[in-house]
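Here is a short briefing to read alongside the sequence and the coordinates.

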Amino acid sequence: MSESKIVKLVDESTNRSSELPLLSGTLGPACIDIGTLYKDTGHFTYDPGYGSTASTKSAITYIDGDKGVLLYRGYPIEQLAEKSTFLETSYLLLNGELPTKDQFSKFEHDITHHTMMHESLKDFFKGFHHDAHPMAMLAASVASLSAFYHDDIDVDDADDRKLAAIRLIAKMPTIAAACYRYSIGWPFRYPRNNLEYVDRFLHMMFEVPSEPLELSPVAAKALDLLFILHADHEQNASTSTVRLVGSTGANPYASIAAGITALWGPAHGGANEAVLEMLQEIGSADKVETAVKRAKDKNDNFRLMGFGHRVYKNFDPRAKIIREMTHKVLGELGVNDPLLEVAMKLEEAALKDDYFVERKLYPNVDFYSGIIYKALGIPTEMFTVMFAIARTAGWIAHWIEQHETPGARIGRPRQIYTGADVRDYVAADKR
Ligand code: SDX
């Protein structure tokens, strides 16, 4: 990272000025370092959605929203999608380099031997109603992990941090499958060490006690690819949440649980569930025009879920890959889902409509993914849980990066105060 020019900022009302360094990274826009602005001028900056604000330096993921570029540690998402696996991509996000054969074997061995959850955690589920949303059960269960691992969660210890990463990546599928099994009243399934990461998850999700599960290579490949595409995405809302919670010194399980709850929102990871509900509400291709009209109507809070993105003002590269994959997977599985036609008509109508074109609203990662999850037999309320399994790799990579950064400080934004001016207390009988 280099510090080159200086940006001079002058407040003409007070004639106070600040000379602010311009910081440049490997790729992307330069950033004005405003660290001394308040001291120099007495002013804060204001950017409530952080649309123009870099919250940190990071070497993990790079996005160019105008060009539709997404790199994990410099590798284009298209190449990782074609050539890598989710576990290898997780290693890359955590360590910064693709693993050698030996490094990957050790990583895979470590993950495989940390997949079980404590038996007492299984009892935890009994406190939930059977119809609890799986995201509620997932967030609570992951937060509770710190109750089982209190002996090795020293955030300043590199080995403890690495062990937490292994445990979280390993246990998320086990806990996620338990959330699903609990919601349908089926007994939990122990992770099978002889299965690969995604097959092991599908086995824990769908194997019934009465008969062996026939695993589908098509399903496993599709899910592994979706996990790669969802693994990380720079400083999105949930990753920023993990970093803010991590900046207080909170343990990794509490930090990741905070990320899970942030992801749940329909404006973020909850969009994949909302897209399916929207497609089902639209129902058929002939109702698409009405949906597009509603999405443009400011008096109607209906939005095209799965459309638009704070950073991508071009196609989300992940959406392109998932769209192609949807046709292939449904074809290979012999699934004919009428919602796919609704989605394609909706995309076609929106991409021709000035409202969406002017605002550069394109399908994002959540637009098609739910159709594939549905074809794999995953229920709608589990879609965001899928997203969380994958994003755990990115969240914990960012959490570790922040703890490896010397001089990291607690995140504590300021505000514009719009409340009452100072005033004296009024006795109750005088109000
Ligand atoms: C994810 O940040 C990440 O990287 C997230 C993510 C990741 O991998 O971590 O990529 C995952 O969260 C993807 C996004 C999933 N969310 C949705 O699909 C929900 C629908 N999309 C929107 O709610 C919205 O587009 C956001 C939240 C994604 C982005 O919101 P912004 O950047 O704050 O944009 P905005 O709300 O200011 O919208 C700009 C304009 C507005 O119209 P005007 O005020 O200019 O007239 O576009 C309109 C909005 O009303 N608009 C939409 C729309 N999205 C934006 N209008 C209709 N339908 C939509 N989906």
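S141 touches L121, F124, F125 and I175, leaving out residues up to four places away in sequence. This residue sits in helix 6, which covers residues 134-144. Please keep in mind that the model is predicted.

- S141 has a relative accessible area of 0%, and because the cut-off for burial is under 20%, S141 counts as buried.
- N251 belongs to the loop that links helix 10 (237-246) to helix 11 (252-263).
- With a relative accessible area of 16%, N251 is buried too.
- Beyond its neighbours within four places in sequence, N251 is in contact with S146, I153, V155 and W399.

**Where helix 12 meets helix 17**

- Two packed helices are described by the angle between their axes and the distance between the axes.
- For helix 12 (residues 271-282) and helix 17 (residues 366-375), the axes come within 8 Å and cross at roughly 80 degrees.
- Angles of 65 to 115 degrees count as roughly perpendicular, so helix 12 and helix 17 are roughly perpendicular to each other.
- On the helix 12 side, the residues in contact are A271, N272, V275, L276, M278, L279 and Q280.
- Their partners in helix 17 are D366, F367, S369, G370, I371, Y373 and K374.
- Sorted by class, this contact of helix 12 with helix 17 holds 8 nonpolar, 4 polar and 2 charged residues.

**The chain as a whole**

- What does the secondary structure of the protein chain come to? There are 18 helices and 6 strands.
- The radius of gyration of the protein chain is 23 Å, close to the 22 Å from the globule rule for 431 residues, so the chain is as compact as a globular protein of that length.
- Along the principal axes, the C-alpha atoms fill a box of roughly 80 × 65 × 60 Å.
- Of the 431 residues, 49% count as buried.
- The protein chain exposes about 22000 Å², and carbon and sulfur atoms supply 52% of that area.
- Taking contacts between residues at least 6 apart in sequence, 68% join residues at least 24 apart.

Terms used. Residues are numbered from 1 along each chain as its sequence is written. This is a predicted model: local features need pLDDT of at least 70, side-chain atom pairs count only at pLDDT 80 or more; totals for chains, interfaces and linings use all residues. Side-chain values use heavy atoms; hydrogens and water are left out. Axes are lines fitted to C-alpha atoms, for helices over the stretch in contact, and angles run from 0 to 180 degrees between N-to-C directions. Helices (H or I, at least four residues) and strands (E, at least two) are DSSP runs, numbered from the N terminus. Angles under 35 degrees count as roughly parallel, over 145 as roughly antiparallel, 65 to 115 as roughly perpendicular and the rest as oblique. Contact means heavy atoms within 4.5 Å. Ala, Val, Leu, Ile, Met, Phe, Trp, Tyr, Cys and Pro count as nonpolar, Asp, Glu, Lys and Arg as charged, and the others, Gly among them, as polar. The radius of gyration is taken over C-alpha atoms; the globule rule is 2.2 Å times the number of residues to the power 0.38. Buried means under 20% relative accessible area, exposed over 50%, partly exposed in between (1.4 Å probe, protein chains only). Accessible areas come from the Shrake-Rupley method with a 1.4 Å probe; for residues, only the protein chains shown count as cover.
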